[in-house]
Amino acid sequence: MNQVAAGVTQLQIQRFVNVYFVETGTPGEWVLVDTGLPGSEKDIIATADKLFYPGTHPEAIILTHGHMDHSGSAQALAEHWKVPVLAHPLEMPFLTARAVYPPADPTVQGGGSLAFVARFFPPQSFQLSDFVQPLPGNDTDPPFLPDWQWIHVPGHAPGQIALFREKDRTLIGADAFATANHESVPQLLLQVPKISVAGAPFNYNWQQVKESVQKLAALQPQAVGCGHGPVIKGAEAAAGLQRLADEFPMPTSGRYVQDPARLDENGVAYLPPAPSDPIRTKLAIAGVGLGALVGTALLIKKQQKKKQNEYPKKYPDPERIYRTGEKPFVHGREVVVPGKYGR
């Protein structure tokens, strides 16, 4: 745990993802900001019990956006604590299984090691309809946090928000930027402090990302915590963010650099064509060779089970959803897309 400012505690989960316990100003009352990866609920509950008292629960859960590393444990925590989950209205399609976020862009210039691993991330969508509620679109005061305001900072996610407390200039920046070098997984895991661009392969509109950074830099924060990276305090918080705004490293190539995706209240309205990915091509060729060997081995078996059409794919394909207009639905706790799978 790390103290960001008075009444604001950061919990690092697996040295990669941060969640925040934010006190409301009333003794014993607090709000959880973000929920980390799936399976993080036990660590979060244990930390809450230690910070406050055994059996405590927040007034609400606020999601800065709906990506898996920020909302992955939202359902488990909402069920455990019986509290609402709040998010920007533009995140609703992705948090209620009506849409899937744009695919990651592993070809973006400057994506670093995160771009490589982004090739293996599943498409992201969640079914939180029983818990999630939209933040009031005409009111930037988040419920239960009277000293705070939420700020719309799109580009990484359509309804991404940051939280700012003006009285001591404390900023929870979500993934509008990062406080460690997000292009280097080792530096991120080592928590080397550096204000930098966050989540380059997942940024669907780079102009919006730049404008969001500039908007937050203008606040001149004195204490900063983001979705990824250590807490940064003092003059370096404002100075580092201002440097990023002034010298924003706009990529020169990538799927969404010149032709951004367009998102609206229904989800993805437009996706630019997927670029050629030489690494993916090489992996596919290697996979074909391995598949041939496996296929030969399977043919030797005398009895082969018939493929089961009734079991849908675990993850929907965002390219297919956009192309065909098919909508995700829920099978158990998995978000799937209509159609016969398994053939």
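User: Which residue stands opposite W30 in β4?

Analyst: Strands (E, at least two residues) and helices (H or I, at least four) are DSSP runs, numbered from the N terminus. Two strands pair if DSSP finds at least two bridges between them. Here E23 is the residue opposite W30 in β4. Strand β3 (residues 17–23) runs antiparallel to β4, with 4 bridges joining them. In the hairpin that β3 and β4 make, 6 residues lie between the strands, and G25 takes a positive phi near 110°. From β4 the chain passes through helix α1 (residues 41–51) to β5, and this β-α-β crossover is right-handed; that is, with the strands pointing away from the viewer, the path from the first strand over the helix to the second runs clockwise.

This is a predicted model, in which local features need pLDDT of at least 70 and side-chain atom pairs count only at pLDDT 80 or more, while totals for chains, interfaces and linings use all residues. Residues are numbered from 1 along each chain as its sequence is written, and side-chain values use heavy atoms, with hydrogens and water left out.

User: In which sense do β4 and β5 pair?

Analyst: Strand β4 (residues 30–33) pairs with strand β5 (residues 61–62) in the parallel sense, over 2 bridges. L32 faces I61 of β5 as its opposite residue. W30 and L32 point one way from β4, V31 and V33 the other way, and all are buried (under 20% relative accessible area; exposed is over 50%, partly exposed in between; 1.4 Å probe, protein chains only).

User: Which strands stand at the edges of the sheet?

Analyst: The open sheet has 7 strands in the order β1-β2-β3-β4-β5-β6-β7, with mixed pairing. β1 (2–5) and β7 (132–134) are at the edges; each has a single partner strand, so one side of each is left without a neighbour in the sheet.

User: Which residues of α8 are buried?

Analyst: They are A237, A238, G240, L241, L244 and A245. These residues cover an arc of only 170° around the axis, which puts them on the same side of α8; the arc is that of the directions from the helix axis to the C-beta atoms. On the other side of α8, A235 and D246 are exposed. The buried residues pack against elements including β10 and α7 (206–217), where contact means heavy atoms within 4.5 Å.

User: Is T170 buried or exposed?

Analyst: T170, in strand β10 (residues 170–172), is buried, with a relative accessible area of 0%. Beyond four places in sequence, the residues T170 touches include W148 and F164.
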